[in-house]
Amino acid sequence: MTYIGKSVKRVEDKRFLTGKGRYTDDIVLPGMTYACIIRSPYAHAKITGIDTSAAEGMEGVVAIFTGKDIAAAGVNGVPCGWQVNFKNGDTMKEPPHPLLVADVVKHVGDNVAMVIAESREIAKDAAEMVEIDYEELDAVANAAKAVKDGAPQVHPDAPGNLCFDWELGNPKEEVDAAMDAAHHITKLDFTNQRLIPNAIEPRSAIGHYESAGDKYTLYTTSQNPHLTRLLISAFVLGIPEHRVRVVAPDVGGGFGSKIFHYTEEALVVWASKQINRPIKWTAERSESFMTDAHGRDHVTTAEMGFDAEGNIVGLRVNTLANLGAYLSTFAPCVPTWLHGTLLQGLYTTPKINVDVTGVFTHTTPVDAYRGAGRPEATYLLERLLDTAALEMNMDPAELRLKNFIPPFDGVEQEGYATQVALQYDSGNYHRVLERALEMVGYDDFRKEQAEARANGKYLGIGFSTYIEACGIAPSAVVGALGARAGLYEVGQVRVQPTGKVSVYTGAHSHGQGHETTFAQVVADKFGIALDDVEIVHGDSESVAFGMGTYGSRSLAVGGSAIIKSIEKVLEKGAKIAAHKLEAAEGDLEFAEGKWTVKGTDKSIGFGDVALTAYVPHDYPEGLEPGMDFSSFYDPANFTYPFGAHIAIVEVDKDTGSVKLKRFIAVDDVGNVINPMIVDGQIHGGVAQGIGQALFEGAIYDENAQLINGSYMDYTMPRADDLPAFEIDRTVTPCPHNPLGVKGAGEAGAIGSTPAVVNAVMDALSPFGVKNLEMPLTPERVWRAMQ
């Protein structure tokens, strides 16, 4: 049976739907204790005193640790995994991020002390008995305000609150000259607002020290267990890596927020040794709002120049990127190499210059959130295109089609070299937009819109055509760009004597369906049943060092590593089959799970070859027994999915409320293994992108207090806010990985946001409204119409 390309139901869902999932908080170890983290109520304050005596005297309290204990033990802070330098070559500012703060807290929710008790309830009660004296200091939450003279300073060793300033593209003077010569310039000032990830499962960590073997185990809600092990062992606690095991069991969503190594993970590991008992910490939802890495938060001025025919001649971008109070694991990479490098978009723009300044503020750290830099780049470009079309009285679809890069497949036609350091792999950008226009019935809609406006009804249509970079690699290139880790993946394929197959992957599923998709690939290539394939991930003790799941890399990188091992199995299998069939290897063909001598009916099945490998009585001379291969795959280039999204909205002129009437998404993610799973990924991403456009946004007050840090105040999209999505695909295979796949996990979140905002701006054009800040709440829209 052929499995690749089929909408196979997810094999893991039975486990989850029947309550058989095993999440970190489900794990209970003998002698378990429970931790409560005492967090700063202030965004910026000196700790002038901590009195733990009353709490320590409570029954059931096991231990209390403060920043002074951590410092005295010589425990390091959490490191950053990516370095970005200043334009003058100076290294970025990288202040320490302590596990527990001993002197000055930097944001609301900063760790101050940890109480460990026999139960969660006792730990929480005891935490309330710890008396902490603070001297509150001035704070700043906004990146634009943080760089002004006299602004409160987050770190003494980062003057002006600057982490880095960074530039990419053509020389500024060349771009300035192109803009000076432009017939028309469109300029926008906007904020890509801060978002809070809100994965369905809060973060959790269990530290377990076993003195008998001097072994440490961390169970954690991680997308990236091997990297967490490396950072804890080598950089934070100084433990030999082979003594540390990290297990990420079932993980309930992440959207990027569980890639990073968090302070609580190292804390429970360190403290477990101090008390010689396991310790569990699980975040309450209010903690998640304050401490899970946030996303986006760019303040940008962008200008796009056009000639008299509407051809783009230049793009000039200046962005202030809010990094929060500390550098999260990949924070410097997001606004630079994941944002600046995507500002070519799908367009032939000949001159581009982007300047990004990374800024510290007294807020929760900011890092990758679904799309990570690519949504910010796409929003910037697509808002400029629609605004320019309005200003130049051109059709927004025609303006895009006019400026698209011509089709290329990366084989017959070379990949497209951008002005911002990338080379796109393959693409036919006209085709996705033309298909989307066909699906929406564009000409008919424009007639309907005109009739509606004549009757006082305000409909709008918005476009977004995007490209993203996935499967970030190769390691040598990203290392030169500042990555402090490789970005390969590992895949081990172990064929058992009975022909069943166990696959060990360094990728980690937190909702993507790896146990189905990877199994489809393996079953298809070996010609065996899907049930005969087992996928293992998430345990550093059983899986070789891998780099986890993020950036839509799992299939393009992790799947390619598995393919390399499959090829090694088939190569060895052919040697065994040739021996058993008394034929030359070159005379064999493999199909439908068996090797056959060409032109004959002589064949031997995959299972029989596997058994022979483990019972090598009649066996090729000099060939070692067994059938177990591991491979590392380091891609030759990123992959570049792309697509076109169209939104149709109706704006109520009396209330300002926005009703999303239709949403069309035509995406090209390369070859597709499981269409149903890809559809689900697109649906989820689109919903999140719509959430940013219309509903979501973290709000800090002038004291850097997060004032909507709960579900009572932070609005997320609900089912009745969304229409039935109309989706389609084109297929342009990736030319440089063996599966031809590109990645689908973030596409929806990248393309949808500007499509919705552009649609609202189109609806509001009779009112002279050209730009509004997200989210487009009814009040904000209503006020603009007045």
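This is a predicted model: local features need pLDDT of at least 70, side-chain atom pairs count only at pLDDT 80 or more; totals for chains, interfaces and linings use all residues.
**Group meeting: a sheet and a domain interface**

Strand 9, residues 204–210, and strand 12, residues 279–282, run antiparallel and are joined by four bridges. Helix 8, residues 263–275, packs on the sheet there, and its direction makes about 30° with that of strand 9. Besides strand 9, helix 8 touches strands 1, 3, 5, 10 and 12.

So what does the whole sheet look like? It's open, with seven strands in the order 3-5-1-12-9-10-11, and the pairing is mixed. At the edges you'll find strand 3 (61–66) and strand 11 (244–247), each pairing on one side only. From one strand to the next, the twist averages 20°.

There's another helix to look at, helix 4, residues 120–129. Helix 4 lies across strands 1, 3, 5 and 12, and runs at about 30° to strand 1.

Now zoom out. The protein is divided into domain 1 (13–137 + 201–252 + 258–291), domain 2 (295–473 + 637–785) and domain 3 (488–633).

Let's take domains 2 and 3. Their C-alpha centres lie 39 Å apart, and 19 residues of domain 2 are in contact with 16 residues of domain 3. About 1,300 Å² is buried between domain 2 and domain 3, with carbon and sulfur atoms giving 64% of that. On the domain 2 side, Ile673, Pro738 and Leu739 lose the most area to domain 3, together 36% of what that side buries.

And what about salt bridges between domain 2 and domain 3? The count is zero, while six residue pairs are in polar contact.

Methods. Residues are numbered from 1 along each chain as its sequence is written. Side-chain values use heavy atoms; hydrogens and water are left out. Two strands pair if DSSP finds at least two bridges between them. Helices (H or I, at least four residues) and strands (E, at least two) are DSSP runs, numbered from the N terminus. Axes are lines fitted to C-alpha atoms, for helices over the stretch in contact, and angles run from 0 to 180 degrees between N-to-C directions. Contact means heavy atoms within 4.5 Å. Domain bounds come from an automatic or database domain assignment. Buried area is the accessible area (1.4 Å probe) that two parts lose on being put together, summed over both. A salt bridge is a side-chain nitrogen of Lys or Arg within 4 Å of a carboxyl oxygen of Asp or Glu. A polar contact is a pair of N or O atoms within 3.5 Å; within protein, one must be able to donate a hydrogen and the other to accept it, and residues adjacent in sequence count only if both atoms are side-chain atoms.
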